[in-house]
Amino acid sequence: QVQLVESGGGLVQPGGSLKLSCATSGFTFADYSIAWFRQAPGKEREMVSCSSTDGSTRDGAFVEGRFTISRDNSKLTVDLQMNGLKPEDTAIYYCARRYYCASPTSLDWGQGTQVTVSA
């Protein structure tokens, strides 16, 4: 059974940092891309960052170098280090399993973790 479990969300002040983690199980981790998405109230879900099987990464344009995605093939985890957080980064953050970062759809989703950026 495929599982993706996010953790690390919370409340942070503007300019602060958070590290999200996605713990996975039930599939051959090294064979899949893992992406972080987010969805803010009233907005569509958007890709934040994605880690491919070859180690390459891709980020949404709004990341602007503030976030770093990293995967650990031994721990079966994908982390998202977020620095310089802005109020507009407030959203539920999800991790997803994909064949490729450019794939049109995701295979599986986690339950999400709330990130709130507010003074």
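Q: Let's start with β9. How many of the 8 residues of β9 are buried?

A: A residue is called buried when its relative accessible area is under 20%, exposed when it is over 50%, and partly exposed in between (1.4 Å probe, protein chains only). In β9, 7 of the 8 residues are buried, so the strand is largely enclosed by the rest of the structure. A note before we go on: this is a predicted model, where local features need pLDDT of at least 70 and side-chain atom pairs count only at pLDDT 80 or more, while totals for chains, interfaces and linings use all residues. Residues are numbered from 1 along each chain as its sequence is written, and side-chain values use heavy atoms, with hydrogens and water left out.

Q: Which strand pairs with β9 over 7 bridges?

A: Strands of a sheet pair through backbone hydrogen bonds, either parallel or antiparallel. Strands here are DSSP runs (E, at least two residues), numbered from the N terminus, and two of them pair if DSSP finds at least two bridges between them. The answer is β4 (residues 33–39), which is antiparallel to β9; there, Phe-37 has Tyr-94 of β9 as its bridge partner. β9 also pairs with β11 (residues 113–117) in the antiparallel sense, over 3 bridges, and Tyr-93 stands opposite Thr-113 of β11. Finally, 2 bridges join β9 to β10, again antiparallel, with Ala-96 partnered by Trp-109 in β10.

Q: In what order do the strands of the open sheet come?

A: The order is β1-β3-β8-β7, and the pairing is antiparallel. Its edge strands, β1 (3–7) and β7 (67–72), each pair on one side only.

Q: How many aromatic pairs does the structure hold?

A: A pair of aromatic rings is described by the distance of the centres and the angle of the planes. Rings of Phe, Tyr and Trp (its six-membered ring) pair if their centres lie within 6.5 Å; planes under 30 degrees apart count as stacked, over 60 as edge-to-face and the rest as tilted. The structure holds 5 such pairs. In one of them, the ring centres of Tyr-94 and Trp-109 are 6.3 Å apart and the planes stand at 90°, so the pair is edge-to-face. Tyr-94 lies in β9 (residues 91–98) and Trp-109 in β10 (residues 108–109), so the pair ties together parts 15 residues apart in sequence. Tyr-94 is buried at 12% relative accessibility, whereas Trp-109 is partly exposed at 35%. Ring pairs also link Phe-27, Phe-29, Tyr-32 and Tyr-99 into a cluster.

Q: Which ring does the charged end of Arg-45 sit over?

A: A charge sits over a ring if NZ of Lys or CZ of Arg is within 6 Å of the ring centre and within 35 degrees of the ring normal. Arg-45 has its charged end over the ring of Trp-109, 4.3 Å from the centre. Arg-71 lies over the face of Phe-29, at 4.5 Å from the ring centre.

Q: Where does Leu-11 lie, and is Leu-11 buried or exposed?

A: Leu-11 is part of β2 (residues 10–12) and is exposed, at 66% relative accessibility. Contact means heavy atoms within 4.5 Å. Leaving aside neighbours within four places in sequence, Leu-11 is in contact with Thr-116 and Ser-118.

How values were computed: Helices (H or I, at least four residues) and strands (E, at least two) are DSSP runs, numbered from the N terminus.
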